[in-house]
Amino acid sequence: MPEKRQFRAIKGTRDILPPDSALWNWFEHTAREVFESYSFREIRLPIFEQTDLFARSVGAESDIVSKEMFTFRLPDGSERPASDESNNSQSGEQVSLRPEATASTMRAYIEHGMHVLPGNVKLYCIGPMFRRERPQKGRYRQFYQVNAEILGPSDAPAIDAELLEMLLVFFQRVGLRRTTLYVNSIGDRNCRPPYVELLRRELLKVKDQLGPDSQRRIETNPLRVLDSKLPQEQEIIAKLPRISDHLCADCREHFAKLKDELKLRGITYEENWRLVRGLDYYTRTTFEVIAEGLGSQNAVCGGGRYDGLVELLGGPPTKGIGFAIGSDRAILSLQESGKLPELPGLDVFVAWMGEPTYATAVSLARKLRESRLSVELPGEEMKFKKSLNLADKLGARYALIIGSDEVASGTYTLKRLADADQKKLSEYELLEYLESEKRGTRG
Ligand code: HAM
């Protein structure tokens, strides 16, 4: 006999248990409903891709790619049965668990020639992402995103505004309030490089007053210094040149039109010139939504425009914009606000008594389930009191009592557990009553 051993979920991963899982299903279902009403369609993507795909798109120097990916090599010739040796292949293809979904969506868009599809291609994807970050509240190594992307020939600011409208409609539909939308434009390949150079020159002047991360970023990615939360750097950053004063005419016009479009839709936002985002592919519009009650990990959504990314990955000229909602954080914020929807639980507990009633109990349970009711049928006989006790503990709304009298008369006792109200009903009446009650037409 092997020695007994217990296992725990790996640090930074977690189990989502009932009843929370119902909340998650409702959250994701609501996203599907809202997104499909804006004519988005779902794309399902692999969990791992070639590491280079993420390096090229998210950026080799970004934190995500340079230190947070789970990377491994696939054994050479995947048809060979895996042995310990081949699992540790030194020469096979290098792949990574996806840290985000935009790169994979672009890869699929190009691979399947989706640019020939009519109109804008609007895709959403729901699933887990993986980043080797230091776990804390709202930050996990396996976390979940609801990701949306719009790809096509146009970069009209109306597209950006409609995407933001959809995002906020979704947050409103799930009841995520007390959020702030931050918007910025980080320019394009014409106006950003000279701004970044200017920023670098200014940062070099104050280098010794900056922390080690920002010092490093002067070389690798000066824009990211603007992201810094270090208290001692805040005053210095406030005096740095702002991109809004250095946008080219086209970018300035795009940003101005975006703001008009947001106004037209009644969307409130704050402009935040320091919002640069930690992924390299962004151009022009960037945005983030933060929610209250989450502590330091308070960004519940991030996104922006990435014109040129499809070309960088070998595809045709394409404009693009998208966002990803962090489901873990959004759901945490909903839970902390205490305003959760009432989600369907157990409708009926079948309390059968005596072996001869069992066949009737099995048949009634099946019919109730066919009527889309959630039913619990104990597989073993239980004492009446114990049965009702369990029904209560399971949170059932009704107990259906089936004794030999009920079977003989063909009428069953339905007991509402909240107030002990009892009704005697025939099979037909029972189904009719519970179905219409479930639809909310009866009290
Ligand atoms: P991101 O800002 O890296 O953007 O991530 C989006 C959201 O995912 C964050 O705002 C946060 O809510 C959540 N998130 C990120 N890391 C973690 C973590 N370790 N634990 C829990 N939640 C986390 C992107 O991923 C881009 N691909 C968004 C995008 C789509 N841009 C254009 N299209």
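1. A word on terms before the tour: an axis here is a line fitted to C-alpha atoms, for helices over the stretch in contact, and angles run from 0 to 180 degrees between N-to-C directions. Helices (H or I, at least four residues) and strands (E, at least two) are DSSP runs, numbered from the N terminus. Keep in mind that this is a predicted model, where local features need pLDDT of at least 70, side-chain atom pairs count only at pLDDT 80 or more, and totals for chains, interfaces and linings use all residues. Residues are numbered from 1 along each chain as its sequence is written, and side-chain values use heavy atoms, with hydrogens and water left out.

2. Start with two helices, α6 (residues 157-174) and α10 (residues 249-264), which pack at an angle of about 45° with their axes 8 Å apart. Angles under 35 degrees count as roughly parallel, over 145 as roughly antiparallel, 65 to 115 as roughly perpendicular and the rest as oblique; α6 and α10 are therefore oblique to each other. Their crossing is right-handed, meaning the near helix is turned clockwise from the far one by less than a right angle.

3. Who touches whom there? On the α6 side you'll find Pro157, Ala158, Asp160, Ala161 and Leu164, and they meet His254, Lys257, Leu258, Glu261 and Leu262 of α10 (contact means heavy atoms within 4.5 Å). Sorted by class, the residues of this contact are 6 nonpolar, 1 polar and 3 charged. For the classes, Ala, Val, Leu, Ile, Met, Phe, Trp, Tyr, Cys and Pro count as nonpolar, Asp, Glu, Lys and Arg as charged, and the others, Gly among them, as polar.

4. Another helix pair to look at is α13 (residues 358-370) with α16 (residues 427-438): the angle is about 35° and the axes are 10 Å apart. This crossing is right-handed too. Leu364, Lys367 and Leu368 in α13 meet Glu427, Leu430, Leu431 and Leu434 in α16, a contact with 5 nonpolar, no polar and 2 charged residues.

5. On a 1 Å grid over the protein atoms alone, a cavity is a set of points where a 1.4 Å probe fits but cannot get out, a pocket is an open set with protein on both sides within 12 Å along at least five of seven lines, and lining residues have an atom within 4 Å of a point. Grid points are joined across faces, edges and corners, and a volume is the space filled by probe spheres set on the points. The whole structure has 2 cavities of 30 Å³ or more.

6. The largest cavity has a volume of about 60 Å³. Helix α8 (residues 212-220) gives the most, with 3 residues.

7. The second largest cavity holds about 30 Å³. Strands β6 (142-152) and β11 (319-326) each supply at least two lining residues, and the lining as a whole has 4 nonpolar, 4 polar and 2 charged residues.

8. Finally, two backbone details: a cis peptide bond joins Pro18 and Pro19, with omega about 5°, and Ser39 has a positive phi of about 60° although it is not a glycine. Pro19 lies in the segment before α1 (20-37), while Ser39 is in the loop between α1 and β1 (41-42).
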